[in-house]
Amino acid sequence: MHENIVENVKKVIKGKDKKIKIVLAAMYAGGHVLLEDVPGVGKTILARAIAISLGLDFKRIQFTPDLLPTDLTGLSIYDRKEDAFKFRPGPIFTDILLADEINRATPRTQSALLEAMAEGQVTVDGITHKLSSNFFVIATQNPIEYEGTFPLPEAQLDRFMARVSLGYPDKESEMEILTTQKIKHPIEDLRPVGTPEEFSQEKKNVRQVKISEDVKRYIVDIIEATRNHESLKYGASPRASISLMHMSMAWAYLNQRDFVLPDDVKEIVPYVLTHRIIQTTESKILRETKEEIIESILKKVPVVENENA
């Protein structure tokens, strides 16, 4: 089914095949994604296209400074007829939630979302409400505009399994975008190619993908290297190790294998680690990028020999 999803989403997101698969890998691995990009490159369309392809519910909420936690989670309202308080669910009660410009909301509202992401539930007036088993958040940030925003602290960024930037399309892809949207947007004709039940089963299949002790050791070696790198003040956490393992398993599954290769890990590393590491002041002065640091680590850490699980 996952091959059909990628092909379906490609009908509306042109020239970004790998980025589509990365977002799907995070979704299949049970994580959430942070999309950092300039406006207008297709972040909302990507989230909608995935939801439509899987037959999942989709909601979008625009984060603003006056957004309250209850605007997200819902609240209890008094019902005169029944003489009791009734819970009215907020937009977080969906399958795929697009949290647009998450850094424009206050830390209190951000925390409400991040808590729901971590626990799969929300508590209102002392009562716990479970979220969808397919609950998946795509949060967006504009990396070039910080005025009037509340940037997510590093500890909160760590809760996103992957960070992705779609980037601008190449010339050929942009020409195709103009052609396909001359009359109407192609997402209007997009149809489901899978069901929520099939998606739930595929998530279970991902957890059955084999990963050898050697590949797990390779993951740990990479994480350990971030903690000892001269350009990094703080390296990746154990949560990063788990995310890297699960994302690598999902990446192998999306590439139609039931075991993880070291190349799967290397392919996924930049998306899983760049938002989890903190550079030293000296490194920033030298204008090193986190991507360059990760690349240097991958060159130094020896690749394991045993490929099969």
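**View 1. Strand E8 in its sheet.** Strand E8 (residues 136–141) is mostly covered, with 6 of its 6 residues buried; buried means under 20% relative accessible area, exposed over 50% and partly exposed in between (1.4 Å probe, protein chains only). The model is predicted: local features need pLDDT of at least 70, side-chain atom pairs count only at pLDDT 80 or more, and totals for chains, interfaces and linings use all residues. Residues are numbered from 1 along each chain as its sequence is written, and side-chain values use heavy atoms, with hydrogens and water left out. Helices (H or I, at least four residues) and strands (E, at least two) are DSSP runs, numbered from the N terminus. Phe136, Ile138 and Thr140 are buried on one side of E8, and Val137, Ala139 and Gln141 are buried on the other. Strand E1 (residues 33–36) pairs with E8 in the parallel sense over 4 bridges, and Leu34 has Ala139 as its bridge partner in E8. Two strands pair if DSSP finds at least two bridges between them.

**View 2. The aromatic pair Tyr28 and Phe199.** The whole structure holds 4 aromatic pairs. In one of them, the ring centres of Tyr28 and Phe199 are 5.4 Å apart and the planes stand at 75°, so the pair is edge-to-face. Rings of Phe, Tyr and Trp (its six-membered ring) pair if their centres lie within 6.5 Å; planes under 30 degrees apart count as stacked, over 60 as edge-to-face and the rest as tilted. Because Tyr28 lies in helix H2 (residues 17–28) and Phe199 in helix H8, the pair ties together parts that are 171 residues apart in sequence. Both Tyr28 and Phe199 are buried. Ring pairs join Tyr28, Phe199 and Tyr253 in a cluster.

**View 3. Charges over rings at Trp251 and Phe259.** The charged end of Lys21 sits over the ring of Trp251, 5.0 Å from its centre. Arg257 lies over the face of Phe259, 5.9 Å from the ring centre. The criterion is NZ of Lys or CZ of Arg within 6 Å of the ring centre and within 35 degrees of the ring normal.

**View 4. Surroundings of Arg276.** Arg276 is placed in the loop between helix H11 (262–273) and strand E11 (278–279). Arg276 counts as buried because its relative accessibility is 6%. Its side chain makes a polar contact with the side chain of Asp158 at 2.5 Å. A polar contact is a pair of N or O atoms within 3.5 Å; within protein, one must be able to donate a hydrogen and the other to accept it, and residues adjacent in sequence count only if both atoms are side-chain atoms. Leaving aside neighbours within four places in sequence, the residues in contact (heavy atoms within 4.5 Å) with Arg276 include Phe160, Met161, Gly235 and Arg239.

**View 5. Arg163 in strand E9.** Arg163 belongs to strand E9 (residues 162–164) and, at 19% relative accessibility, counts as buried. Its side chain makes a polar contact with the side chain of Thr274 at 3.4 Å. Not counting residues up to four places away in sequence, Arg163 also touches others, among them Leu34, Glu36, Tyr271 and Glu291.
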